[in-house]
Amino acid sequence: MSTPKKEEVEDVPLTGRVEHFKADKGYGFIKDTASTEKYFFHISEAYPEIREGAMVTFELIKGTRGWNAGNIQPA
């Protein structure tokens with residue numbers, strides 16, 4: 001008896017709103033619209049024109065202190 005192959009599932013990007021962004025420090029927080037969780041992000045994971053209040057899509061990436069937002073794009 002064999003185990004059926006696991007289907008590959010694409011990660012669906014999450015949507016959220018940039019709640020806080022400090023351009024001079026290069027970091028901010030995104031609030032997930034589905035769960036209201038907030039995720040830290042670094043400017044290196046975001047598009048250049050990111051700003052507070054912007055609606056974005058993002059993926060979760062494992063950081064040293066928990067989950068962070070990564071691959072951030074305008075929604």
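The model is predicted, and residues are numbered from 1 along the chain as its sequence is written.

The structure holds 5 aromatic pairs. A pair of aromatic rings is described by the distance of the centres and the angle of the planes.

Start by selecting Tyr27 and Phe29. Their ring centres are 6.4 Å apart and the planes meet at 90°, so this pair is edge-to-face. Show the surface next: Tyr27 has a relative accessibility of 26% and counts as partly exposed. Phe29, at 31%, is partly exposed as well.

Now colour by secondary structure. Phe29 belongs to strand β2 (residues 27-32) and Phe40 to strand β3 (residues 38-42), so their contact ties together parts that are 11 residues apart in sequence. Phe40 has a relative accessibility of 31%, so Phe40 counts as partly exposed.

Select Tyr27, Phe29 and Phe40 together. Ring pairs link these three residues into a cluster.

For the last stop, select Lys62 and Trp67. What sits over the ring of Trp67? The charged end of Lys62 is there, 5.4 Å from the centre of the ring.

Conventions. This is a predicted model: local features need pLDDT of at least 70, side-chain atom pairs count only at pLDDT 80 or more; totals for chains, interfaces and linings use all residues. Side-chain values use heavy atoms; hydrogens and water are left out. Rings of Phe, Tyr and Trp (its six-membered ring) pair if their centres lie within 6.5 Å; planes under 30 degrees apart count as stacked, over 60 as edge-to-face and the rest as tilted. Buried means under 20% relative accessible area, exposed over 50%, partly exposed in between (1.4 Å probe, protein chains only). Helices (H or I, at least four residues) and strands (E, at least two) are DSSP runs, numbered from the N terminus. A charge sits over a ring if NZ of Lys or CZ of Arg is within 6 Å of the ring centre and within 35 degrees of the ring normal.
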